[in-house]
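Me: I am new to this structure and would like a quick tour. Please show it to me, then take my questions one at a time.

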Amino acid sequence: MNLYPPFPSMPFMAAWAPLLRLFKGLSRKGPGSETSTLRALSLCPLPAQPRVADFGCGSGASALLLAQTLQVPVLALDADGMALDDLWESARDRGLLHLVKPCPGDMANPGLAPESLDLIWSEGAVTHLGLVEGLRCWQALLCSGGVMALTDATWFDTDPPEEARRAWAEWYPTMGTEARNLQVARDAGLKVLGHFRLPSRDWWDYYDGVAARLPLFATDESVASVIEGQKAEMDLYRRTGSSYGYVFYVLQKP
Ligand SMILES: C[S@@+](CC[C@H](N)C(=O)[O-])C[C@H]1O[C@@H](n2cnc3c(N)ncnc32)[C@H](O)[C@@H]1O
């Protein structure tokens, strides 16, 4: 594996090129915070030297924090090479290059041996596989007693506003409620160690970062529709964000 940037992107990321340019340099590419990551980590029973992977790590907000907190190697996998370049630079700046291992790859098929991990982390990325498929792929990689901690977009309201329902039907048609997602996890044979909703502050910190980048692309036609999409997403959250959000699920393989 190439240990230095530039890291290659997976071919399927080409379709997202304008969005990835807009997000370049953002420390988080989805809602989240150090506080939420550490809260979820406190729910994870781990061995002394856990084998850890962060799937869909983006530019590494959680992977860097896990490496720093646990002081063990963290495999940081993403399909977006530009995000891994940012992660590598942050790891270098924080003196964490000996622990954080950027890995370009497909989280649906990361090429790791079965039962080779004690902890799988994933913030905001399982949405791209769907929860059922994500749990199926990743559970096989966990050893017995291993833990998966992930955030997923979730309905808080069983009867959400129509505009939120329409938007999410497009972005994430299989999005579940907390009750349904917990049942999905149990049906997959996982034990629920805990779950909690991310505070709306985690959303606004992320959206503030995106909003600060929008003026840089004001005259760039190639990202115009992506910018419109981001503005619409923020407006939707402002109006209807109490009906949905991210939930951290902490799940253990028996
Ligand atoms: C919402 S972002 C979250 C990134 C990061 N976890 C964070 O919280 O800042 C989702 C990430 O999943 C990555 N991704 C999407 N599909 C992927 C796949 N099949 N394999 C690997 N990474 C993928 C994207 O490149 C992106 O970095």
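Me: Is the crossing of H5 and H7 left-handed or right-handed?
Reply: This is a predicted model, in which local features need pLDDT of at least 70, side-chain atom pairs count only at pLDDT 80 or more, and totals for chains, interfaces and linings use all residues. Residues are numbered from 1 along each chain as its sequence is written. Helices (H or I, at least four residues) and strands (E, at least two) are DSSP runs, numbered from the N terminus. A crossing is left-handed if the near helix is turned anticlockwise from the far one by less than a right angle, and right-handed if clockwise; where H5 passes H7, the crossing is right-handed.

Me: At what angle do helix H5 and helix H7 pack, and how is that angle classed?
Reply: H5 covers residues 131–139 and H7 covers residues 178–187; their axes are 10 Å apart and the angle is about 30 degrees. Axes are lines fitted to C-alpha atoms, for helices over the stretch in contact, and angles run from 0 to 180 degrees between N-to-C directions. Angles under 35 degrees count as roughly parallel, over 145 as roughly antiparallel, 65 to 115 as roughly perpendicular and the rest as oblique. So H5 and H7 are roughly parallel.

Me: Which residues of H5 and H7 meet, and how do they divide by type?
Reply: Two residues are in contact if their C-beta atoms, placed from the backbone, lie within 7 Å. On the H5 side are Leu-131, Val-132 and Leu-135; on the H7 side are Asn-181, Val-184 and Ala-185. For the types, Ala, Val, Leu, Ile, Met, Phe, Trp, Tyr, Cys and Pro count as nonpolar, Asp, Glu, Lys and Arg as charged, and the others, Gly among them, as polar. The contact of H5 with H7 has five nonpolar, one polar and no charged.

Me: Is H8 roughly parallel or roughly antiparallel to H9?
Reply: Helix H8 (residues 200–213) and helix H9 (residues 224–240) pack at about 155 degrees, and their axes lie 11 Å apart. That angle makes the pair roughly antiparallel.

Me: Which residues make the contact of H8 with H9?
Reply: The crossing here is left-handed. The contact divides into six nonpolar, one polar and no charged residues. H9 supplies Gln-230, Met-234 and Tyr-237, and H8 supplies Trp-203, Tyr-207, Val-210 and Ala-211.

Me: Where does Ala-164 lie, and which residues is Ala-164 in contact with?
Reply: Ala-164 lies in helix H6, residues 162–171. A residue is buried if 20 or more other C-beta atoms lie within 10 Å of its own, exposed if 12 or fewer, and partly exposed in between, with C-beta atoms placed from the backbone. Ala-164 has 19 such neighbours, so it counts as partly exposed. Leaving aside neighbours within four places in sequence, its contacts are Leu-236, Thr-240, Ser-243 and Tyr-244.

Me: Which residues does Leu-129 touch?
Reply: Leu-129 sits in the loop between E4 and H5. With 19 C-beta neighbours inside 10 Å, Leu-129 is partly exposed. Not counting residues up to four places away in sequence, Leu-129 touches Ala-108, Gly-134 and Cys-137.

Me: How far apart are the C-alpha atoms of Leu-43 and Val-147?
Reply: Leu-43 is in the loop between helix H2 (34–41) and strand E1 (52–55). Along the chain, Leu-43 and Val-147 are 104 residues apart; their C-alpha atoms are separated by 9.6 Å.

Me: Is Gln-71 exposed or buried?
Reply: Gln-71 is in the loop between helix H3 (61–70) and strand E2 (74–78). Its phi is near 55 degrees, a positive value in a residue other than glycine. With 10 other C-beta atoms within 10 Å, Gln-71 is exposed.

Me: What is the omega of the peptide bond from Pro-5 to Pro-6?
Reply: Pro-6 is found in the segment before helix H1 (17–23). The bond from Pro-5 to Pro-6 is cis, with omega near 5 degrees.

Me: How many helices and strands are in the chain, and what share of its residues count as buried?
Reply: The chain has nine helices and seven strands. Of its 254 residues, the share that count as buried is 40%.
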